[in-house]
Amino acid sequence: MSLNNSTMWQADRRKFMRASAMAMATAAAATKTQAAQPVLPILDDTQTPAGDVRWEKAPCRFCGTGCHVQVGVQNGRVVAVAGDKDAAVNQGLLCVKGYHVGAILYGQDRLTEPLLREGDGYRTITWEKAIDIIADRIQAAPERFAFYGSGQWTIPEGYAAQKFMKGGLSNNHIDPNARLCMASAVTGFLATYGVDEPAGCYDDLDHCDVLIMWGNNPAEMHPVLFSRVINRRSRGEQVTLIDIGTRRTRTTTHCQHYLEMNGHGDLAIANGIAHLLIKNGTYNRQFVEAYCNFKAPDDSNPNLHGKAIDWEDYKSQIDYYTPEKVAELSGVPAQQIVMLAELFGNPNLKITSLWCMGMNQHTRGTAINNLVHGIHLLSGHFGRLGDAPTSLTGQPSACGTVREVGTLAHALPGGRLVANAQHREHCEEIWKLPKGRINAKPGYHTVQMWEKFCTATEAGGDITTLWVQVTNPGQSLPNLNKLFNPKAQLTDKFLIVSDVYPTATTRLADLILPSAMWVEKNGMYGNSERRTQQWFKQVNPPGQARDDCWQTIAVAHRLYQRGLDGMRDRDGNFLFEMKDADGKVVPIWNWENYYDINVDEKLFEEYRPFSRMKHKDLAPYAEYVRQRGLRWPVVEKDGQWLETRLRFVEGFDPYVESGKGVQFYHSSTDDHRAQIWFHPWEPPAEVADSQYPLMLCTGRVLEHWHTGSMTRRIAELSRAMPGAYIEMHSQDAQAANVRSGDCVLVQSRRGEIKIQVWVSGRGYPPPGTVFIPFFDETLLVNELTLDAVDPFSKEPDYKKSAVRITKVTT
Amino acid sequence: MISSVVARLTESEALSAVLAVITEWPQVEIGQAVQGIALPLTFETGSAEEMELLHDRLRGIEGVQFVDVVCVYF
């Protein structure tokens, strides 16, 4: 098959860059007409900063790409940001959000003092009082306390929270918002390879011949990564881009092939590819025989690792998925399935699959993750640079903090499980805890946690105090009318929120704590390609805002002072006791002393031994200070700390034994083999019907990150994309008698919102599908979404909710 | 090389005259003016020298008060 479709693709990078450049110019023009607005200068390396500006490295605060920026500081303020040319991830380039990242510090409404609810308002209190209030709530009922964090927690912050809960309170009710965006990727990796996180890395984008994006829109969500591929095409390299999705996006316009599928069509498509690989004899028999087993769901005992099946079983199950049957199930024409199978059947090509929320937010998210890994394994498109199935993350440390530190209700650091006695013992040993301190029972996952918090105590809602750090569940949880809004009526429930700005979550908070953010504190992140990054505090936080990590340690110490046993290790010392170079205990629970030592370094070095338990070895802290991140496993050789580009592959991964070629050394079947899964196609949890005839997909836009609590405070970005909208196909708009700019009432079985229509706008949904981005705090699309979850990952599906629309005439 | 710039005009009445000049330039893409006085533009050139020259030419047009370079892509 020829991959040289047309020379028109050579112009793609230019088009992409021009579009980004125009978006930035337009945003800046809008700002410059508002003379009163403070404008953060945006510098690039053609400009020389005026005056005495100090430059230091930091990873960008936003997505999981992990771009590095150079931060310019003058007179105690961040005055400029530039792309870091020394960073391998972005090589000096930034996206429109990254160029403006410095401005997130300087929104007009930063939270600067602790606030306690009093009637309908709040009163200012001291930190002393705030810490006392939290300690009171925890002491009153430690088992009814829960901690909700995020993939924006730095590695040390997440580690401290994890140790505080599981090692201190013997309480496993700690879970992150990353449960909502990448938990299915985790279960997909675990069920396939026996260990989490991608084998490949971003270098695959520089080597692949074919890039398949499964429900993924990197042109808007990971633009710097997408530009790496576009850049190759502009140099004349042949790269075939394929978009598999439920609506056309900016990514689609750069792709040679677009496969428009129905919701859950991906399950059928992956099975269809496997069917043709077997039928055509183009699967990689040698690879499969050497390195793979087969698995299927165990319906009599549903579990993540399923049941073993043999090759004949697998073949007979997959036999059903003919191109014609797949076309019927997915809506994708049979010839496009054949095209994909031909690509996978060609051993001379290198194929990279990318996905993010489109595949993970799926009530069969684990299954579709398994299937995509499976077609790579079945075809042998694995183990070379450019041949990799790779999930991306949307948050800067979803991998480093959530997946590696394990801030999940069932996990311990280093890929360990609370339910495993040996794992608990080992963890207790490292944490110097008395034996039996760690609770064996997994805590509540995110959806359960919020359901328990938003249910009356007498009706079984046994979470009564919930502390939120570094995230905005009042906007990002699904089905808000069930999982968040009921809190307003539950007066015995107590919500603590640590954040930097007022948000949809703080509106129901009983106690609001002002946090330091990004370069106002030391930090470490771990990005989507296993790269661990470090930065130092560069400016002071405003007012009384303080580090989240300090907040956790201060509460722990207050409980220690009050004699709570859990806050002592087995020698009676404070759980977070830290000493200076002279061996003297530093009172880090006092804010004035918190930066007397590097708390991040102390916590990271304590955590580091955990990283070796699953061969995800991290280097000493000092190495990360010197580098723009390193991809684990990082091992020392001849005095050098060496990173790893490909896992499980001889010559790349230091843990693969000589002569093995490929070795899945954490195989769930203990035979160094990966699992190729069969999963059947199943319909979505909710489908359109006569009452709710349209399917709603939610997602993101280029200009805003996550719930927009930071980017909506950047004037340039806010003006470029001021508010949410509903994207509709012209046929649906015509049927509803609405045009762009009209207001419609969107209703689901769970809630309703009023919102403006955009016909053929940023994206192009097909007839029967609508799209609403979730960044807008004034239009909470998650009042409409479904809270059905994947049975293994417990991740909800935000992409397929049935809705109806009605024109609003007044 | 692509640059992202904003031309700030002295007054909104100058917009049509400025547009009349720069629409002749093949390297320029013109965005939607904001309040008639802030005109977003992108320039694409083969070299930094050519870029500088274009910026200078833009500054020299009657009705352009100043030019802000927002960023440059290489």
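# Exercises on a predicted model

In helix α17 (residues 421-430) of chain A, the buried residues are A:H423, A:R424, A:C427 and A:E428. The coordinates come from a predicted model, so please read each exercise with that in mind. Let's work through some of its features together.

## Exercise 1: One side of a helix

Task: Explain why the buried residues of α17(A) lie on the same side of the helix, and find what they pack against.

Solution. 
- Step 1. Begin with the positions: A:H423, A:R424, A:C427 and A:E428 are the buried residues of α17(A).
- Step 2. Now look down the axis. These residues lie on the same side of α17(A) because they cover an arc of only 135° around the axis.
- Step 3. Recall the general rule: an α-helix has 3.6 residues a turn, so residues three or four places apart point the same way.
- Step 4. Look for the packing partners. The buried residues meet β15 (411-412), β16 (416-417) and α22 (599-611) of chain A.
- Step 5. Inspect the ends. After the helix comes A:K432, which has a positive phi near 60°.

## Exercise 2: Reading an open sheet

Task: Give the strand order of the open sheet with 7 strands in chain A, then name its edges.

Solution. 
- Step 1. Walk across the sheet: the order is β5-β4-β19-β18-β17-β6-β7, and the pairing is mixed.
- Step 2. Find the strands that pair on one side only. These edge strands are β5 (121-124) and β7 (174-176) of chain A.
- Step 3. Check the twist, which averages 20° from one strand to the next.
- Step 4. Strand β6 (residues 145-149) of chain A runs parallel to β7(A), and 3 bridges join them. A:G149 has A:P176 of β7(A) as its bridge partner.

## Exercise 3: A strand with two partners

Task: Which strands pair with β28(A), and in what sense?

Solution. 
- Step 1. Check the burial of β28 (residues 743-747) of chain A: 4 of its 5 residues are buried, so to speak "mostly covered".
- Step 2. Take β29 (residues 752-759) of chain A. Its pairing with β28(A) is antiparallel, over 5 bridges, and A:C743 stands opposite A:Q756.

## Exercise 4: An aromatic pair

Task: How are the rings of A:Y655 and A:Y665 arranged, and is each residue buried or partly exposed?

Solution. 
- Step 1. Note the setting: the model has 43 aromatic pairs over all chains.
- Step 2. Look at the geometry of A:Y655 and A:Y665. Their ring centres are 6.3 Å apart and the planes are at 65°. Planes over 60 degrees apart count as edge-to-face, and this pair is edge-to-face.
- Step 3. Locate the residues. Both A:Y655 and A:Y665 lie in the loop between β24 (640-642) and β25 (674-677) of chain A, so the pair ties together parts that are 10 residues apart in sequence.
- Step 4. Compare accessibility with the cut-off: buried means under 20%. A:Y665, at 13%, is buried, whereas A:Y655, at 30%, is partly exposed.
- Step 5. Widen the view. A:Y655 and A:Y665 belong to a cluster linked by ring pairs, whose members include A:F189, A:Y193, A:F287 and A:F664.

## Exercise 5: Backbone exceptions

Solution. 
- Step 1. Start from the rule: most residues other than glycine have a negative phi, and most peptide bonds are trans.
- Step 2. Examine A:D670. Its phi is positive, about 55°, although it is not a glycine. A:D670 sits in the loop between β24 and β25 of chain A and is exposed, with a relative accessible area of 73%.
- Step 3. Examine A:H706. This residue is not a glycine, yet its phi is positive, about 55°. A:H706 lies in the loop between β26 (694-699) and α24 (715-720) of chain A and is buried, at 15%.
- Step 4. Finish with the peptide bond from A:W632 to A:P633: it is cis, with omega near -5°. A:P633 is in the loop between β22 (630-631) and β23 (635-637) of chain A.

Note on methods. Residues are numbered from 1 along each chain as its sequence is written. Chains are lettered from A and ligands numbered from 1 in the order in which they are written. This is a predicted model: local features need pLDDT of at least 70, side-chain atom pairs count only at pLDDT 80 or more; totals for chains, interfaces and linings use all residues. Side-chain values use heavy atoms; hydrogens and water are left out. Two strands pair if DSSP finds at least two bridges between them. Helices (H or I, at least four residues) and strands (E, at least two) are DSSP runs, numbered from the N terminus. Axes are lines fitted to C-alpha atoms, for helices over the stretch in contact, and angles run from 0 to 180 degrees between N-to-C directions. Buried means under 20% relative accessible area, exposed over 50%, partly exposed in between (1.4 Å probe, protein chains only). The arc is that of the directions from the helix axis to the C-beta atoms. Contact means heavy atoms within 4.5 Å. Rings of Phe, Tyr and Trp (its six-membered ring) pair if their centres lie within 6.5 Å; planes under 30 degrees apart count as stacked, over 60 as edge-to-face and the rest as tilted.
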